[in-house]
Amino acid sequence: TIVFYSISVCLSGALRSQIVGGHEAKPHSRPYMAALKISNGFLCGGFLVAPDWVMTAAHCMEDITVTLGAHNINEPEEFQQVLGVETYYNHPEYNEVSMTNDILLLKLTAKAQLNKYVQVIPLPKSSSDIPTDTKCSIAGWGLIDKNRLAAKLFETNITIYSRRKCLNIYPQLNDGMLCAGSFHQLKDSSQGDSGGPMICNGVAQGIVSFGNSAPPGVYTRIANYLPWIKKIMGSLLPGF
């Protein structure tokens, strides 16, 4: 059974994911992380891909306020930058039942001030798949146990699963999805906040999407969406 951690009753397809067996991140060691506060009080993760663009999961679509430069999201830390969203670009073929095309771009109301605490993260340069067994990491302010949200940023390491193995668990897996998890933990599900990045070798390769109650979890495969991202963001994206 697929576990859905609902953001609200009206967003029953949305996920609340968990970092189980993770640890607190070194403060500000992931300056691309964005905390997306949603109007009903819940939280999604996201990541800065240009000074005024944040990427997240389509199932996080709501009235969003973006906080950059945060470590403890319950405190107004001096390095935090809080920005609104000017335009929401949800993938036009997002399907909340199958969770296909679970990607959303947020055009911010202003450019973030880039500094030691707020930085952009590179996206893949090509559409090629990530090799099986690649070591990656995820981070977020999600559930660290059944009922407790992390106020501080948590992180954990995961490994890319083979597509063949993953298709046995998730028959709906397609080119826009990636499978990853820890083989050593029983309950790492789709860890990290929904919408947060999966980082492999310093590049954002995935977006936390959905998962069962045991590993692996499924991530949106960013490399599959480069033409759409380019169309929305144009020449604003570094390296494009």
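Predicted model: local features only at pLDDT ≥ 70, side-chain atom pairs only at ≥ 80, totals over all residues.
I began with the largest cavity, which has a volume of about 50 Å³. Searching the whole structure, I found one cavity of 30 Å³ or more.

Next I asked which residues line the largest cavity. I noted K26, H28, S29, R30, P31, M33, G69, A70, Y117 and L153. Sorting this lining by kind, I counted five nonpolar residues, three polar and two charged.

Then I turned to the nonpolar cores. The largest one has 57 residues, and I marked F47, M55, V66 and I229 as those with the most contacts inside it. Strand β4, residues 43-50, gives this core its largest share, six residues. I also found another core lying apart from it, with 11 residues, including I130, C136, M198 and V208.

Setting aside neighbours within four places in sequence, I listed its contacts as G46, F47, V49, I103, L104, L105, L123, G195, I207, I222 and I229.

My last stop was Q81, in strand β7, which covers residues 81-90. Is Q81 buried or exposed? Its relative accessible area is 13%, under the 20% cut-off, so I wrote it down as buried. A polar atom of the Q81 side chain lies 2.8 Å from the backbone oxygen of Q113. Again leaving out neighbours within four places in sequence, I found Q81 in contact with V66, T67, L68, A112, Q113, N115 and V118. One of these, V66, was already in my notes as a residue with the most contacts inside the largest core.

Definitions and conventions: Residues numbered from 1 in each chain as written. Heavy atoms only, no water. Core = buried A, V, L, I, M, F, W, Y, C linked by side-chain atoms within 4.5 Å. Buried < 20%, exposed > 50% of the residue type's maximum accessible area, 1.4 Å probe, protein only. Helix = DSSP H or I, 4+ residues; strand = E, 2+ residues; numbered from the N terminus. Contact = heavy atoms within 4.5 Å. Polar contact = N/O pair within 3.5 Å; in protein donor to acceptor, adjacent residues only side chain to side chain. 1 Å grid on protein atoms, 1.4 Å probe; cavity = no way out; pocket = protein on both sides within 12 Å on 5 of 7 lines; lining within 4 Å. Points joined across faces, edges and corners; volume = space filled by probe spheres on them. Nonpolar A, V, L, I, M, F, W, Y, C, P; charged D, E, K, R; others polar.
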